[in-house]
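Q: I have a chain open on my screen and would like to go through it piece by piece. Can we start with the whole thing and then look at single parts?

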Amino acid sequence: MRLILIGPPGSGKGTQAKLLSQKFGLCHFSTGDILREAIRLGTAAGKQAQPYLSSGRLVPDDLVNEMVAERFRRDDRLDKFVMDGYPRTLAQAASFDQVLRQHFLDLTVAVVLLVPDQEIVRRLSGRRSCPKCQATFHVAFKPPRVPEHCDECGSTLAQRDDDREETIRKRLQIYHQNTGDLVGHYRAQGLLREVDGTGTPDQVFTEIAGFS
Ligand code: AMP
């Protein structure tokens with residue numbers, strides 16, 4: 001299965017990607033996680049990306065496109081994957097098409113998770129994540145067993161800089177600006193499936209798994 005997840009920030013792409021990778025043995029490829037790790041390590045790419053992430057803007061296409069192309073060039077080639085947060089623009093989709101062609105890989109499906117903006121703001125402003133193992137929690141919907149501490153590794157949980165309300169609104173605006181073209185691109189290829197992202201994670205997962 002080779003799958004792309006499209007959806008606004010907080011629509012559950014990360015949660016679904018994790019479930020799909022466990023269930024189907026897919027590689028979970030999250031450009032957001034890779035960029036946050038690059039920032040944490042202080043690499044050149046991380047230094048370039050940092051101001052974009054903290055203000056909720058998209059990192060330039062060339063930087064993420066190269067990051068993805070480089071990963072596909074490695075020896076342990078990605079044969080089965082779930083893309084979480086890439087591509088996000090039409091230019092990224094065009095670049096990704098080219099990478100896939102070079103490696104003789106076809107996409108199975110491009111899934112769009114539909115969640116209203118109001119629900120996104122509610123979800124993201126309560127989101128907390130573990131800076132060490134990336135596990136995510138929510139102060140109301142999925143509280144950790146020990147307040148403010150990760151259930152998986154015990155680290156102190158943090159709120160992502162870009163999960164503050166005004167940054168969330170900016171990220172939503174950017175999402176809506178780019179998504180029409182992106183969705184149109186995959187619809188034209190007959191690959192697009194729309195899924196209601198407001199159900200429970202299990203309900204959403206069952207629907208996506210049905211496309212395999
Ligand atoms: P995410 O964890 O997917 O919500 O991504 C967090 C942030 O990383 C985004 O707000 C962007 O600043 C950056 N980012 C992640 N993926 C991409 C991408 N495909 N293109 C551009 N910027 C990205």
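Q: What radius of gyration would a compact globule with 212 residues have, and what does the chain have?
A: This is a predicted model. A compact globule with 212 residues would have a radius of gyration near 17 Å, and the chain has 17 Å, which agrees.

Q: What box do the C-alpha atoms fill?
A: Along the principal axes, the box is roughly 45 × 40 × 35 Å.

Q: How many helices and strands does the chain have?
A: There are 8 helices and 7 strands.

Q: And what share of the residues is buried?
A: Of the 212 residues in the chain, 47% are buried. The chain exposes about 10,900 Å², and carbon and sulfur atoms supply 50% of that area.

Q: Which share of contacts joins residues at least 24 apart?
A: Counting contacts between residues at least 6 apart in sequence, 69% join residues at least 24 apart.

Q: What about charges: how far apart are the mean positions of the positive and negative ones?
A: They are 2 Å apart, with 29 positive and 27 negative charges in the chain.

Q: On to helix 3. Which of its residues are buried?
A: In helix 3, residues 44-55, the buried ones are Gly 46, Ala 49 and Leu 53. They cover an arc of only 75° around the axis, which puts them on the same side of helix 3.

Q: Why would residues three or four places apart point the same way?
A: An α-helix has 3.6 residues a turn, so residues at that spacing point the same way.

Q: What does the face turned away from the buried side of helix 3 carry?
A: That face carries the exposed residues Ala 44 and Lys 47. On the buried side, the cover includes helix 2, residues 31-41.

Q: Which residue follows helix 3?
A: Gly 56 follows helix 3, and its phi is positive, near 80°.

Q: Is the peptide bond from Tyr 86 to Pro 87 cis or trans?
A: The bond from Tyr 86 to Pro 87 is cis, with omega near -5°. Pro 87 lies in the loop between strand 3, residues 81-84, and helix 5, residues 90-102.

Q: Back to the loop between strand 6 and helix 7. Is Ser 155 buried or exposed there?
A: Ser 155, in that loop, has 17% relative accessibility, so Ser 155 counts as buried, the cut-off being under 20%.

Q: What does Ser 155 touch?
A: Leaving out residues up to four places away in sequence, Ser 155 touches Cys 130, Lys 132, Glu 148, His 149 and Cys 150.

Q: Next, helix 8. Which of its residues are buried?
A: In helix 8, residues 201-209, they are Val 204, Phe 205, Ile 208 and Ala 209. Down the axis of helix 8 these fall within an arc of 130°, so they line one face of the helix.

Q: What do they pack against?
A: The buried residues of helix 8 pack against strand 1 (2-6), helix 1 (13-24), strand 4 and strand 7 (192-196). The face of helix 8 turned away from its buried side carries the exposed residues Asp 202 and Thr 206.

Q: Last one: how far apart are Gln 102 and Leu 58?
A: In sequence Gln 102 and Leu 58 are 44 residues apart, and in space they are 26 Å apart, C-alpha to C-alpha. Gln 102 is found in helix 5 and counts as exposed, at 52% relative accessibility.

Methods:
Residues numbered from 1 in each chain as written. Predicted model: local features only at pLDDT ≥ 70, side-chain atom pairs only at ≥ 80, totals over all residues. Heavy atoms only, no water. Helix = DSSP H or I, 4+ residues; strand = E, 2+ residues; numbered from the N terminus. Rg over C-alpha atoms; globule rule 2.2 N^0.38 Å. Buried < 20%, exposed > 50% of the residue type's maximum accessible area, 1.4 Å probe, protein only. Contact = heavy atoms within 4.5 Å. Areas by Shrake-Rupley, 256 points an atom, 1.4 Å probe, with all protein chains shown as cover. Lys, Arg positive; Asp, Glu negative; His and termini not counted. Charge placed at Lys NZ, Arg CZ, Asp CG, Glu CD. Arc of directions from axis to C-beta.
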